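User: Please take a close look at the pockets in this model. I would like the volume and the lining of each.

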Amino acid sequence: MSTRTPDPRRALPGSPAAARALLGRAKGALRRDLPFPWSPPTWPTSVPAPRDRPALGAAYETDWARRYPVRLVRAVLLDNVLRPAVHLLAAPEVRGGELLALLDPPVVFVANHASHLDTPVLLSLLPPRLRHHTVVAAAADHFFDRRWKAHLWAGLLSAVPVERHRVNRRSAEVALGLIEDGWNLFIYPEGGRTPDGWPQPHRGGAAYLAVRSGRPVVPLHLRGTDRMLPRGADRLRRGRVTVTVGQPLHPEPGEDARA
């Protein structure tokens, strides 16, 4: 004959825990019997229930990062932390910098991509009127795959997620809407960092946005960031970076973006 030790987690009859459990069951039964809106609504069986929209990746909403309080904090960090750090570590030399002062925004900035250091360098070199009104197209699968990363890059660099491995209409429409609202856009037409230093084939996103918006493309070329922070490296080294600014390229009326 065996004896069982009473489970302390079970509510004994007449105990306060048993009374709470009974009250909970009664509330649940009462809610099921009450009509809407006192009970949860039902979904008709003839209509497919919508799936929950993912909050990360290309679907991550970045509107909050362009509100004034966040923009103010970002401007303080860019001007007083990022810019001095870039000039201390990279000592960037700008060729054709006078072209930036003549730009009539919004514009689409395009640049070669060799290092995660490229975006901080480019943002630090823009005049304030451009720097504080620029968004950065960032890979949705890399910078927006986790919630903390999405919050960090959207808030710090005003990054917006874009799909780089397939055509995503939402990403294109969000970017186009931002340009039409007066925001400049940074985009890397190679779709990612070069693995060997040689330019990779360009994708059509920047050309599509320029043709659709009628705004010019401003080409930029960076040299030296791959030696400071090459792909796969986890250590930043000091060096010298040269940034060359090209003449704005204006889309012709009726021009094919693929061409």
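The largest pocket has a volume of about 1,300 Å³, a value computed on a predicted model. Its lining is made up of 50 residues, and those closest to the centre of the pocket are Val162, Glu163, Arg164, Tyr188 and Gly191. Two or more lining residues come from each of these elements: helices H2 (68-90), H4 (118-125), H6 (140-143), H7 (147-157), H8 (169-180) and H9 (205-213), together with strands E3 (134-139) and E4 (159-162). H8 contributes the most, giving five residues to the lining of the largest pocket. Sorted by class, the lining of the largest pocket holds 26 nonpolar residues, 13 polar ones and eleven that are charged.

The second largest pocket comes to about 310 Å³ in volume. Here 20 residues form the lining, with Asn112, Glu190, Pro199, His221 and Leu222 the closest to the centre of the second largest pocket. Strand E2 (108-111), strand E6 (217-223) and helix H10 (225-228) are the elements that each supply two or more residues to this lining. The top contributor to the second largest pocket is E6, with five residues. In terms of class, nine of the residues lining the second largest pocket are nonpolar, seven are polar and four are charged.

Notes. Residues numbered from 1 in each chain as written. Predicted model: local features only at pLDDT ≥ 70, side-chain atom pairs only at ≥ 80, totals over all residues. Heavy atoms only, no water. 1 Å grid on protein atoms, 1.4 Å probe; cavity = no way out; pocket = protein on both sides within 12 Å on 5 of 7 lines; lining within 4 Å. Points joined across faces, edges and corners; volume = space filled by probe spheres on them. Helix = DSSP H or I, 4+ residues; strand = E, 2+ residues; numbered from the N terminus. Nonpolar A, V, L, I, M, F, W, Y, C, P; charged D, E, K, R; others polar.
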